[in-house]
Amino acid sequence: MKRLLRLLALVVLTGAAWATWLAFAPRPVPPQATVVDRIDRILIEKSARRLTASRGGETVLEFPIALGFEPAGDKFQEGDGKTPEGTFRIDRRNPNSAYHLSLGIDYPQPKDRVRAQAAGVSPGGDIFIHGQPNSVGNLITLPGDWTAGCIAVSNDQMETLWRLAEIGTEVEIRP
């Protein structure tokens, strides 16, 4: 029994140390991000949980991401927890977001509206690339897929995207 308790204590301490490291470790700044003043394309690869930003075809940034709580497949209707797939554009910027900062994408597009209307449902909307919930501050980056269909990054990463991405930047979201 004592051996089991020691093992359990070791597991808990290791987990706490890892969580502390993730919360407070210095974040590396990709070297290219400091040399560019803007990006012209963002690629979201849902299966790899990766955001890659580029300018002129050259990769500038690469970040891990969180997606909607049901990430497999294309978004079909409001509330399905899916992140849409396709090619979009950044169409708005929200400095007062409930999720640090946010860049909106132009979803739903006409084909999404038609498909949802034919099924008698709402396609949803308000899909953003955003930071962490303001309620957690800069203390942690939530693990796993937790958004309602948006793409989430750390607050530091969001500040970099905010600085580099303009209205009209292309956003491709792949399965």
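**Exercise 1. Are F88 and Y107 buried or exposed? Then classify their ring pair.**

Step 1. F88 and Y107 are both buried. Buried means under 20% relative accessible area, exposed over 50%, and partly exposed in between (1.4 Å probe, protein chains only).

Step 2. Note the source: this is a predicted model, in which local features need pLDDT of at least 70, side-chain atom pairs count only at pLDDT 80 or more, and totals for chains, interfaces and linings use all residues. Residues are numbered from 1 along each chain as its sequence is written, and side-chain values use heavy atoms, with hydrogens and water left out.

Step 3. Searching the whole structure gives 2 aromatic pairs. Rings of Phe, Tyr and Trp (its six-membered ring) pair if their centres lie within 6.5 Å; planes under 30 degrees apart are stacked, over 60 edge-to-face, and the rest tilted.

Step 4. The ring centres of F88 and Y107 are 6.2 Å apart and the planes stand at 75°, so this pair is edge-to-face.

Step 5. F88 is in strand β4 (residues 86-94), and Y107 is in the loop between β5 (102-105) and α2 (110-119), 19 residues apart. Helices (H or I, at least four residues) and strands (E, at least two) are DSSP runs, numbered from the N terminus.

Step 6. The peptide bond from Y107 to P108 is cis, with omega near 5°.

**Exercise 2. Classify the pair of Y99 and W146, and say where each residue lies.**

Step 1. The centres of Y99 and W146 are 6.0 Å apart, with 35° between the planes; the pair is tilted.

Step 2. Y99 sits in the loop between β4 and β5, and W146 in the loop between β6 (128-130) and β7 (151-152), 47 residues apart.

Step 3. Y99 has a relative accessible area of 33%, so it is partly exposed. W146, at 22%, also counts as partly exposed.
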